[in-house]
Amino acid sequence: CLILAVETSCDETSVAVVKDGKEVLSNLIASQVETHKAFGGVVPEVASRKHVENITLMLEEAVRKAGISLQDLSAIAVTQGPGLVGALLVGVVAATSLAMALNKPLIGTHHIAGHIYANRLVADMEYPCMALVVSGGHTELVYMKSEGHFEVIGRTRDDAVGEAYDKVARAIGYPYPGGPHVDRLALEAEEAVELPRVWLEPESYDFSFSGLKSAVLNVVNQRKMRGEPIMESAIARGFQESVVEVLVTKAIRAVRAYNAKQLLLCGGVAANRGLRRELERQCREEGIELIIPPFEYCTDNAAMIGAAAYLKWKKRQFAGLDLRAMPQFSLEEWSGQE
Ligand code: ATP
Ligand code: MG
Ligand code: FE
C-alpha cells in the first residue's frame with residue numbers, strides 16, 4: 001500500500017509517500033518559520049498563501065523522490081483537521097483534485113492521530129498504550145485500548161505546553177518559536193527560579209500552564225521594574241522544571257492506572273531535551289517502555305499523516321470528494337467512535 005500524504009494544518013507544508021503505514025519513501029517539509037518570525041507567531045492568511053505557493057511542486061517532488069509514479073499510489077491522504085481553516089483548505093483541495101484526477105481513493109486524516117502514529121514509523125505499537133501529546137496547540141494524554149481507538153483522558157484547560165514555551169521565550173527576549181531557546185537556556189543554567197507546579201484535582205489528568213506562564217511574566221516584570229537583570233536562564237530552568245515534573249508525573253501515573261504497555265511521546269515539544277531525559281530516566285526506573293520518534297517526525301510532517309491514514313486504508317474507510325476541512329475535529333469523531 002502506497003499512500004501519498006499531505007499536511008497543511010498550520011505553518012508547515014509537507015508531502016510524503018509512506019508504504020504500509022510505516023516505511024517512509026519520501027517526506028518533504030517546507031517550514032514557514034522564517035516568514036512568521038517577523039510577526040512573533042503564525043499569521044493564518046500568510047500561512048495559506050505560502051501553502052499555495054509550495055504545494056504543487058512538493059507533490060511532484062515527493063513522488064519523484066519516492067521513486068514511484070503517480071499511478072503506483074494506492075490512495076491520497078490529507079489532514080482534515082484540527083488546524084487553521086484556510087491552511088487546511090489548501091491541502092484538502094490539492095488532495096481532492098489529485099484523487100479525482102488519478103481516480104484513487106481519498107482518506108481524511110486527523111492531525112493529532114498523525115502525531116501519535118508517528119511512533120509507528122519507528123516502532124511496533126502495542127496495545128493498550130498511552131500517548132503524551134505535547135505540541136504548539138495540544139497537551140493531551142490519550143489512551144488507546146486498541147489500534148485506532150482513542151480516549152482523551154486528560155487535556156490542557158488553558159495554554160498548550162508549546163504555546164507556554166513560546167510565550168515565556170518572548171517574555172525573556174527570544175524569537176518565535178521559543179521552545180528550543182528555553183530548552184537550551186534551561187540546560188545551561190546554574191540555578192533555577194522557584195516556580196509553582198499546577199496539579200489540579202488529585203485524580204485529574206488535565207493540565208494547566210497559564211498560571212505558570214503568568215508567574216514567569218511576574219518575575220520578569222518585577223525584575224525589569226527594579227532595574228535588575230532578568231536572569232533568563234534561571235527563569236527558563238525554573239519554568240522547564242515545573243513543566244517537565246508535571247508532564248512526566250501525570251504520564252507515568254496514567255500508564256500505571258491504565259496498564260498501558262507503552263508510553264508514546266509525540267508533538268513538537270517532544271524535541272525538548274529536558275522532557276526527554278526525565279521521561280527516559282523515570283521510565284527506565286519504572287520499567288515502562290518509552291517510544292520517542294526522531295525530531296523530523298515530532299514536528300509537523302506528512303509522513304505521520306501517511307501512518308495514521310493507513311488505519312483507514314485497512315478498513316477501506318474512504319472519504320468522498322466532498323471532504324471538508326475540519327478546523328475543530330476530535331479524535332473520537334475521526335475514528336468513528338461518536
Ligand atoms: P498542533 O500539532 O497542536 O496543531 P503545532 O503543529 O503548531 O500544534 P508542533 O509543530 O507539533 O505544533 O510543535 C511546535 C511547538 O513545539 C512550538 O510551540 C515550539 O516552541 C515547540 N518546541 C519545539 N522544540 C522545542 C523544544 N526543544 N522545547 C520546547 N518546545 C519546543
Ligand atoms: Mg508547526
Ligand atoms: Fe502539529
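## Basis

Residues count from 1 along each chain as its sequence is written, while chains are lettered from A and ligands numbered from 1 in the order in which they are written. The model is predicted: local features need pLDDT of at least 70, side-chain atom pairs count only at pLDDT 80 or more, and totals for chains, interfaces and linings use all residues.

## Shell around ligand 1

The shell holds 24 residues. A residue is near the ligand if its C-beta atom, placed from the backbone, lies within 6 Å of it. Gly136, Gly137, Gly162, Gly179 and Gly268 come nearest.

Three helices each supply at least two shell residues: H4 (111-117), H5 (161-171) and H6 (179-188). Helices are DSSP runs (H or I, at least four residues) and strands likewise (E, at least two), numbered from the N terminus. By class, the shell has 15 polar, six nonpolar and three charged residues. Here Ala, Val, Leu, Ile, Met, Phe, Trp, Tyr, Cys and Pro are nonpolar; Asp, Glu, Lys and Arg are charged; the others, Gly among them, are polar.

## Annotated positions

An unreviewed UniProt entry lists His111, His115 and Asp300 under "binding site". They span 190 residues in sequence, yet no two of their C-alpha atoms are more than 8.7 Å apart, so they gather at one spot. UniProt positions follow the numbering used here, feature names are shortened, and annotations may be inferred rather than shown by experiment.

His111 is found in helix H4. His111 counts as buried because it has 27 C-beta neighbours inside 10 Å; His115 is buried with 32. The cut-offs are 20 or more other C-beta atoms within 10 Å for buried, 12 or fewer for exposed, and partly exposed in between, with C-beta atoms placed from the backbone. Beyond four places in sequence, His111 contacts Ser9, Thr79, Gly81, Pro82 and Gly83. Contact means C-beta atoms, placed from the backbone, within 7 Å.

## Glu7

Glu7 sits in strand E1 (residues 2-7). Glu7 is buried, with 31 C-beta neighbours inside 10 Å. Not counting residues up to four places away, its contacts include Thr79, Gly91 and the annotated Asp300.

## Helix H8

H8 (residues 232-257) has 26 residues. Its C-alpha span, first to last, is 37 Å, close to the expected 38 Å. The expected span is 1.5 Å times one less than the number of residues. Asn259 follows H8, with a positive phi near 50 degrees.

Technical notes:
Contact = placed C-beta atoms within 7 Å.
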